[in-house]
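Hi,

Here is the structure I promised to pass on. Have a look at it first, and then read my notes below.

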Amino acid sequence: SKKPRNEPPGPTPLPLIGNLLQIDMWNRHKSLQKKYGSVFTIYMGPKKMVVLAGYKTVKEALVNYADEFGERHPLCVPWIILYNYCLSGVLWSNGDSWKEMRRFSLINLRDYGMGKKACEDKIIEESFYLSEELKKFKGEPCDPSQLLTNAVSNIISSMVYGSRFDYEDPEFIALIDRMSRSIKLMATPSMQFYNAFPAIGKWFSGAQKEFQKLQVLVREYNLKVFHQLKETLNPHMCRGFVDAFFVRQQQQLKSGVINPHFLDANLHRTVQQLFGAGTETTATTFRWILLFMIKYPKIQDQIQEEISRVVGSRKLQYEDRNNLPFTNAVIHESQRLASILPTSVPRRTSKDVTFQGYFIEKGTVVIPLLASVLHDETEWEKPHSFHPAHFLDKDGKFVKRDAFMPFSAGRRVCLGEGLARMELFLFFATLLQNFRLTPPPGVSEDDLDLTPQVLAPLSPRPYKLCVVPRT
Ligand code: HEM
């Protein structure tokens, strides 16, 4: 069809299917970027999307044009069944609803510890439980994925519900499994087909039906927990985010001024999104870091030497990261290279905008490619290798890098960044303080495959490692 004024260039779309056949975008962005520049247009079926690539372009759009590119594209609007899941909470909402929920979530998650000593203590305590579970393998090969997910999920749970779960609790295991399967389903080709062709997709997409089932089960579980929390609520001693929400509702009732954003449905969606956004991302990052540790044992040696020299055997604190530059650099480099969210959550333009000379009309879906920033060849000395020195100066001191953007940037930047950074540091450093990680017997470092599985988030292939207590 005819293109509007000076739209960003891109591959020619076919009728109906657009560029679907040509788009293996997360792998091909480099060739598309080379051909069309750092702002280009693609069509997912009939849906037009503008892709932003490279550090300078992504930063300019998300930070300098924060308002224009600051809305979320409700990817799921046509998915009638996902209506409840998508249209509010904090992750998918826009306008006043988003502002209210983002502010409320930030204030209250901070009150229940995010970025504070209370949260640090919870993570240190959870590291202890995680270590005890790992010891049970007695150095035999194990897949740490489930335990890592349990540990990070318990941190969110403590902040949201006010309590943690036992790792063996069947309800906890089921809850985590359902949430993690839902997130993975959202990135399947079947769901993408459904998103591109909602009218016919619903007849073919098995993933969509499974997703719906999982959402109902998670919702039922949450409603049960909310009921228990409401029954035992003490407005003067809130246990977590959910209690704070109930207190806010009570205040509304008393004042007679009802704010529609504080109804039960929004609580359910926000809680579900906090668990969804905060669990798989952090746990997957851990799986990558541990894989890098068994792949590069000399780097593990250096970290353990640093921790032994600076901290010894006392309990680690978050402020120790300032004196553990190499350990801190390895965590950052793992996030950079793994780039678990190759794109940020889709944005959309809030108004017509002229960006880098191109016209992008209001309501266009915008995909900032975070992987293209984290692997930008003009920003990183060795963009495709594991190179912790990216974050160290010549004296071995930690240096921040502007192009380090795994949490994205601008007004929709990850709400849990502070929490995730604290978890990554404390869990990882405590683990390496206490254990040596090695590949299973008979597996060499060269055998370990760093090719990611194309899932959401981008995950390492399943692997096992041996966790041996250090003397
Ligand atoms: C290593 C861990 C994590 C990574 C890499 C990560 C990354 C991201 C990214 C890339 C976005 C999209 C930002 C954008 O649209 O530009 C995002 C959004 C979000 N993240 Fe995280 N995240 C992590 C952990 C967490 C945690 C622990 C929480 C929970 C407290 C969380 C809660 C959220 C929420 C609620 C949003 C939506 C924010 C909004 O739309 O206003 N994330 N995250």
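Which element gives the largest share of the shell around the ligand? That would be helix H12, with seven residues. Before I go on, two points on reading the model. It is a predicted one, so local features need pLDDT of at least 70 and side-chain atom pairs count only at pLDDT 80 or more, while totals for chains, interfaces and linings use all residues. Residues are numbered from 1 along each chain as its sequence is written.

**The ligand shell**

Back to the ligand: 26 residues surround it, and the closest are Gly278, Ser344, Ser408, Cys414 and Gly416. Here a residue is near a molecule if its C-beta atom, placed from the backbone, lies within 6 Å of it. Two elements give two or more residues to this shell, helix H12 (264-295) and helix H16 (417-434). Helices are DSSP runs of H or I with at least four residues, strands are runs of E with at least two, and the numbering starts at the N terminus.

By class, the shell has 15 nonpolar, eight polar and three charged residues. For that count, Ala, Val, Leu, Ile, Met, Phe, Trp, Tyr, Cys and Pro are nonpolar, Asp, Glu, Lys and Arg are charged, and the others, Gly among them, are polar.

Most residues other than glycine have a negative phi. Ser408 is partly exposed, with 19 other C-beta atoms within 10 Å. The cut-offs are these: buried means 20 or more other C-beta atoms within 10 Å of the residue's own, exposed means 12 or fewer, and partly exposed is in between, with C-beta atoms placed from the backbone.

**The whole protein**

The protein has 16 helices and nine strands. Its radius of gyration is 23 Å, close to the 23 Å that the globule rule gives for 471 residues, so it is as compact as a globular protein of that length. (The radius is taken over C-alpha atoms, and the rule is 2.2 Å times the number of residues to the power 0.38.) The C-alpha trace spans about 70 × 60 × 40 Å along its principal axes, and 42% of the 471 residues count as buried.

There are two domains, with bounds that come from an automatic or database domain assignment: domain 1 (1-87 + 342-374) and domain 2 (88-339 + 375-469). Their C-alpha centres lie 26 Å apart. The ligand shell draws at least three residues from each of domain 1 and domain 2.

Five strands form an open sheet with mixed pairing, in the order S1-S2-S7-S4-S3. Two strands pair if DSSP finds at least two bridges between them. At the edges stand S1 (39-44) and S3 (71-72), each with a single partner strand, so one side of each is left without a neighbour in the sheet.

Is S1 enclosed or open, then? Six of its six residues are buried, so S1 is largely enclosed by the rest of the structure. Val39, Thr41 and Tyr43 are buried on one side, and Phe40, Ile42 and Met44 on the other.

S1 runs antiparallel to strand S2 (residues 47-52), and six bridges join them. Thr41 has Val50 in S2 as its bridge partner, while Phe40 stands opposite Val51. Two residues lie between the strands of this hairpin, where Gly45 takes a positive phi near 60°.

Helix H2 (residues 55-64) has Tyr55, Thr57, Val58, Ala61 and Leu62 buried. Their cover includes S1, S2, strand S5 (353-355), strand S7 (365-368) and helix H15 (370-374). Contact here means that the C-beta atoms of two residues, placed from the backbone, lie within 7 Å.

**Another loop to look at**

Lys138 lies in the loop between helix H5 (117-135) and helix H6 (145-160). Its phi is near 50°, a positive value in a residue other than glycine. Lys138 is exposed, with 11 other C-beta atoms within 10 Å.

Over to you!
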